[in-house]
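Hi everyone, thanks for having me. Today I'd like to walk you through one protein chain, step by step. Please have a look at it with me.

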Amino acid sequence: MMEKLRNPKNVKTISLIVAAIFVIGCFTLAMSVGGFGSGVASAAASESAVGVVNYQVLVSQSPKLEQVRSEMQQAIAETRREFDSKSQDLNDDDKERYYKQLQERLGNKEKDLMDPLLNEINEVIKKIAEKKGLKVVVDKSTVVYGGTDITDEVAKALQNPKK
């Protein structure tokens with residue numbers, strides 16, 4: 001059970017899901033701020049109004065990520081011990097249900113730990129975008145050409161939050 005959460009493929013999948021949610025949120029925000037037709041047209045007309053960030057890099061370089069990982073590892077170890085001790089007397093169906101409950105609880109724990117980190121990244125992106133006059137910031141993986149890359153500036157601001 002817990003090995004599944006440590007599997008690099010699963011970590012990558014979770015990271016891609018987080019990035020996709022961010023991109024969808026940015027797209028929705030862009031559409032709601034300027035309306036569908038005019039917002040897209042004005043963003044396309046002015047390349048400098050579009051910023052790009054490599055969201056996966058920002059998450060992986062965040063100074064708080066190691067703390068999140070550490071707390072998740074502790075939660076996984078505690079959950080493993082809990083499962084081992086409480087599932088001994090359960091039949092296979094009950095074990096499966098209990099296992100799924102614990103997986104859901106771990107998923108909620110991960111969300112609770114990641115949300116503040118992601119919110120901090122989003123706030124820093126927003127500050128830098130406003131400072132540079134960017135109207136929209138999207139994930140770099142969705143951009144074929146153009147846009148102002150602000151990944152390095154955001155990463156530096158995350159490393160030195162006092163500035």
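I'll begin with the model itself, then go through the layout, the sheet, the core and the salt bridges.

First, a word on what we are looking at. This is a predicted model, in which local features need pLDDT of at least 70 and side-chain atom pairs count only at pLDDT 80 or more, while totals for chains, interfaces and linings use all residues. Residues are numbered from 1 along each chain as its sequence is written, and side-chain values use heavy atoms, with hydrogens and water left out.

pLDDT is the predictor's confidence in each residue, from 0 to 100. The chain averages 77, and 69% of its residues score at least 70. Over residues 34-47 the pLDDT is below 50, and beyond near neighbours in sequence this stretch has 8 contacts in the model. A contact means heavy atoms within 4.5 Å.

Now the layout. There are 7 helices and 3 strands; these are DSSP runs numbered from the N terminus, helices being H or I with at least four residues and strands being E with at least two. Starting at the N terminus, the order is α-α-α-β-α-α-α-β-β-α. Among contacts between residues at least 6 apart in sequence, 82% join residues at least 24 apart.

How are the strands arranged? The 3 strands make an open sheet in the order β2-β1-β3, with parallel pairing. Strands β2 (136-139) and β3 (148-149) stand at the edges with a single partner strand each, so one side of each has no neighbour in the sheet. For strands to pair, DSSP must find at least two bridges between them. Strand β1 (residues 50-53) is joined to β3 by 2 bridges, and Gly51 has Thr148 in β3 as its bridge partner.

Let's go inside. Of the 163 residues, 31% count as buried, where buried means under 20% relative accessible area, exposed over 50%, and partly exposed in between (1.4 Å probe, protein chains only). A nonpolar core is a set of buried Ala, Val, Leu, Ile, Met, Phe, Trp, Tyr and Cys residues joined through side-chain atoms within 4.5 Å. Which residues touch the most other members of the largest core? Those are Ile125 and Val154, in a core of 25 residues. Helices α4, α5, α6 and α7 (151-159) each supply at least two residues of this core, and α6 gives the most, with 10. As background, nonpolar side chains tend to be buried together in soluble globular proteins.

Finally, the charged pairs. A salt bridge here is a side-chain nitrogen of Lys or Arg within 4 Å of a carboxyl oxygen of Asp or Glu, and by this rule there are 9. One of them joins Lys64 to Glu120, with the closest N and O atoms 3.2 Å apart. This pair links distant parts of the chain: Lys64 sits in the loop between α4 (55-61) and α5 (65-86), and Glu120 in helix α6 (residues 92-132), 56 residues apart.

Another pairs Glu82 with Arg105, at 2.7 Å from N to O. Glu82 is in helix α5 and Arg105 in helix α6, 23 residues apart. Glu82, Lys86 and Arg105 are linked in a network of salt bridges.

Lys111 is partly exposed at 48% relative accessibility, and Asp115 is partly exposed at 26%.
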